[in-house]
Amino acid sequence: MFNLTYEFKLKPTKQQSKIFDEWLEITRLVYNYALAERKDWYKSRSCQINACSLHSCYIIPADTPRPTYASQCKSLTAAKKQNLELKKIQSQVLQQTLKRVETAFTNMWERNAGFPRFKKKGRMRSFVFPQMKGKRLEHGLVKLPVIGWVKFRQSREIPNDAQIKQARIVKRVSGWYVMLTIQWNVDLPQPIPHGEAVGIDVGLTSFIATSSGLLIKRPRFLGDAERKLKLLQKRVSRKPIGSNNWRRAQKKVAKLHEYVANCRKDWHRKLSHHLCDHAGMIFVEDLNLVGLSRGILGKHCLDAGFGQFFEILAQTCFKRGVYFQKVDPRKTSQICPNCLTQTGKKELSQRTHICSACGYTTDRDIAAAQVVAIRGLTAVGHTVKMLAEGKFVGIPLKQESSRL
């Protein structure tokens, strides 16, 4: 099975936009109620056994089972008989909302995420139709369960032999969007290592440095917009909270943030295609992006969007048939790519790599990218032959015979 997600901008009528907003608010209330039920159960089990709280305590019977996705789905079915507002929404949409609560707790336990928080009004931005059976698409039209046919701007063709599996409706400041997950019943071969190998080192001085000697300066998407953003946020702070002027000012801030995000994503996509034009294998560092975002330069790392760039680059490589792999990032700037000797830790102000053993001199980031390429070639079973001026090529360890 092969899945792809197509994103299109919806053009709903006023009545359909009103229905979307109403559904988002109901799913928000369901999410908060399910989260409160789980939170109360956990707090009732965390009280001290030798003392009572002077403020309040949760009194829940000891034999009450822990709320789960299955038990909350049963409670939702019973709640529909009493609350007619819940009947307006398709049942699977509300079930997916409960699944979001389950996923939030799973991420807290397994991925060390924070405790799930309640969503205030306006914070619920999407809902999902997990099943889209039957004929759901026409040119510029999509048929959503219960809601019916909705117009959208079809900016690209959708293959006729594909099957729509899921539709997600997303609300942004620029309008409503639909994300269609499309599935093909085919098995596509994974790209194999071939062609020229390119190692990539990311940084803040140069966004990327490649093993072939390419240096691309990091664009400051948020930094360039900070002056205007500061002005707009100051206007928001001077408006009475909840007023119409306050909402208009907030909308301008959100539009600027969306513009910055779109510019960043567009630049990442263009850069990924440019790299795939000149490579058959691409190797990058497997960095701890969460740790980088929490460091002293976290704001600049988040503005660069290294994680988003790696995801887009991996998708582009898969579509273009380029092999993509992450390698160990440790000590890439402390090893000479020409003789593979350790040169020691460098200060951030030291931007030139000079090897005391072989005399190889080049830019610090380019040297790190060449080390990344060497590690990638080694990982896929290639040996590395050093050439003049620090260039190198990958040679397969096992070559097929040219005789038929």
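Modeller: First, a definition: buried means under 20% relative accessible area, exposed over 50%, and partly exposed in between (1.4 Å probe, protein chains only). This is a predicted model, in which local features need pLDDT of at least 70, side-chain atom pairs count only at pLDDT 80 or more, and totals for chains, interfaces and linings use all residues. Residues are numbered from 1 along each chain as its sequence is written, and side-chain values use heavy atoms, with hydrogens and water left out.

Biologist: Which residues in H8 are buried?

Modeller: In H8, they are Phe-306, Phe-309, Phe-310, Ile-312, Leu-313, Thr-316 and Cys-317. Helices (H or I, at least four residues) and strands (E, at least two) are DSSP runs, numbered from the N terminus.

Biologist: And how far does H8 reach from its first C-alpha to its last?

Modeller: Helix H8 covers residues 306–320, 15 residues in total, and reaches 21 Å, close to the 21 Å expected at 1.5 Å a residue. The expected span is 1.5 Å times one less than the number of residues.

Biologist: What comes just after H8?

Modeller: Gly-321, with a positive phi of about 75 degrees.

Biologist: Which residues other than glycine have a positive phi?

Modeller: Val-146 is one of them, with a phi of about 70 degrees; Leu-340 is another, with phi near 60 degrees. Most residues other than glycine have a negative phi. Val-146 lies in the loop between strand E4 (141–144) and strand E5 (148–153) and is exposed at 61% relative accessibility. Leu-340 lies in the loop between strand E12 (323–327) and strand E13 (352–354).

Biologist: Changing topic, how many salt bridges does the whole structure have?

Modeller: The search finds 12. A salt bridge is a side-chain nitrogen of Lys or Arg within 4 Å of a carboxyl oxygen of Asp or Glu.

Biologist: What is the partner of Arg-28, and is Arg-28 buried or exposed?

Modeller: Arg-28 pairs with Glu-25, the closest N and O atoms being 2.6 Å apart. Both lie in helix H1, 3 residues apart, about one turn of the helix. Arg-28 is buried, with a relative accessible area of 10%, whereas Glu-25 is partly exposed at 25%.

Biologist: Where is the pair of Asp-266 and Lys-270?

Modeller: In helix H5 (residues 244–276), where the two are 4 residues apart, about one helical turn. Asp-266 is partly exposed at 39%, and Lys-270 is exposed at 54%.
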